[in-house]
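Me: Hi! I've got a structure open and I'd like to talk it through with you. Can we take it piece by piece?

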Amino acid sequence: MQPINDLMQRAFAHHQAGRLADAKRLYRKIRDQQPRHFDALHLLGAIAIQEGDYASGAQLIAEALAINPSIPAVHNNLGYALLALKRYEDALGSFDKAIALDIIAACTRLIESAGPRDNAFGLSDAYNERGRAKLLLGLAKGKTKGDKRESIKERDWKRDKARLMRDRG
């Protein structure tokens, strides 16, 4: 049996090089040895998402988050999978968690460094995906009260116009 750290390094190297089948095989080997291995679960989920299997990806990443819910990028990956599955509210929740955790991490880095850092707030991906989730959620639900102003205005005008025509005739 190979040490898990060695397997993880090899798997990650394959993953970065785009050799997803080799990476997946090694991540699964790690998971067989240690079923609650956070990185193996998360990265297997990431590969599933890369391959278009969003349901499996979301499941594996959710398992990883049950082990360690404190990494913003993992919440962002889950949000991406949920967005692809058209689970817009759940995706929005994942992006919100990613943003909140990233703000906390960025503030901690700023305090520890006692000065500003380049790219201290690495939030752009989560914010972009969050915005897309909100847009799709709105489209899926239809008009909200705030969006109905134009419809109300049109209805009122038709009613007033009908009254004017009736009163003239």
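Me: How many residues does helix 3 have, and how far does it reach?
Reply: Helix 3 covers residues 38-50, which makes 13 residues. From its first C-alpha to its last it reaches 18 Å, close to the 18 Å expected at 1.5 Å a residue. Keep in mind that this is a predicted model.

Me: Is helix 3 largely enclosed or open?
Reply: Eleven of its 13 residues are buried, so helix 3 is largely enclosed by the rest of the structure. Among the buried ones are Phe38, Leu41, His42 and Ile49.

Me: And what covers those buried residues?
Reply: The cover includes helix 1 (4-16), helix 2 (20-33), helix 4 (54-67) and helix 5 (72-84).

Me: What is leucine 78 in contact with?
Reply: Leaving aside neighbours within four places in sequence, leucine 78 is in contact with Ala58, Ile61, Leu65 and Ser94.

Me: New topic! Where does lysine 86 lie?
Reply: Lysine 86 is in the loop between helix 5 and helix 6. Its phi is positive, about 65 degrees, although it is not a glycine. Most residues other than glycine have a negative phi.

Me: Buried or exposed, that lysine 86?
Reply: Lysine 86 is exposed, with a relative accessible area of 60%.

Notes
Residues numbered from 1 in each chain as written. Predicted model: local features only at pLDDT ≥ 70, side-chain atom pairs only at ≥ 80, totals over all residues. Heavy atoms only, no water. Helix = DSSP H or I, 4+ residues; strand = E, 2+ residues; numbered from the N terminus. Expected span 1.5 Å × (residues − 1). Buried < 20%, exposed > 50% of the residue type's maximum accessible area, 1.4 Å probe, protein only. Contact = heavy atoms within 4.5 Å.
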